[in-house]
Amino acid sequence: MEEKENKMETKKVSKTEKKDVKNKGNKKPFKKSPVKTLDEVVLDTKAVVKVTKGGRQRRFQAVVLVGDKKGLVGLGTGKANEVSEAVKKARQEATKNAVRIAIVDGRTIPHEVVCKQGATTVIIKPASAGTGLVAGGAVRSVLDIAGVKDVMSKSLGSRKKINVARATISALQSVKTIEQVCAERGKTKEEILG
């Protein structure tokens, strides 16, 4: 008889009650970490055609720059049947390829640099405070989104936006601050500058 009474006393627990029991053990609710957002510039979009046996296949290509205006910059390209999809793919690639560049005083680069990438040559020189961005086309876009404020530049050769942007990013990557040079050589600033 006692066994029958024990069985009758037990009651079924609903699914919502089970969830409440599980959540009581968790003291901290789950929080999403803040997503780091980067600024984005669509540098170029164009239609590209691939000729196949069945005819011409038309797609769109997008070139996108991303950066945080504090020394981080990336370049990406994407192709898709729609422009918005191509831009999305390019943005993902640019975020993946983002690199950190050296900026002095939060406004300019440490020294002059010349970079040749394919048929494009880019020259970037540091400038005094208040000069602004003396650059045109894709060079200006890259420098602006990277956070460089005072430089002078000149691009020679091919003027295709993607080539100029690649050359500019390569030039900015090759720039080194005096601290980086000191660390590489194992010397002090006075030894290098003196």
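Threonine 108 lies in the loop between strand 4 and strand 5 (113-117). Strands (E, at least two residues) and helices (H or I, at least four) are DSSP runs, numbered from the N terminus. This is a predicted model: local features need pLDDT of at least 70, side-chain atom pairs count only at pLDDT 80 or more, and totals for chains, interfaces and linings use all residues. Residues are numbered from 1 along each chain as its sequence is written, and side-chain values use heavy atoms, leaving out hydrogens and water.

**Threonine 108**
- Threonine 108 is buried, at 5% relative accessibility. Buried means under 20% relative accessible area, exposed over 50%, partly exposed in between (1.4 Å probe, protein chains only).
- A polar atom of its side chain lies 2.7 Å from the backbone oxygen of aspartate 150.
- Threonine 108 touches residues including Pro126, Val148 and Asp150, not counting those up to four places away in sequence. Contact means heavy atoms within 4.5 Å.

**Serine 158**
- Serine 158 sits in the loop between strand 8 (151-157) and helix 5 (161-174).
- Serine 158 is also buried, with a relative accessible area of 18%.
- A polar atom of the serine 158 side chain lies 3.4 Å from the backbone nitrogen of lysine 160.

- Four strands form an open sheet in the order 1-2-3-4, with antiparallel pairing. Two strands pair if DSSP finds at least two bridges between them.
- Strand 1 (39-52) and strand 4 (99-100) are the edge strands, each pairing on one side only.
- Strand 2 (residues 55-67) and strand 3 (residues 72-80) run antiparallel, joined by eight bridges.
- Valine 63 has threonine 77 in strand 3 as its bridge partner.

Note on methods
Polar contact = N/O pair within 3.5 Å; in protein donor to acceptor, adjacent residues only side chain to side chain.
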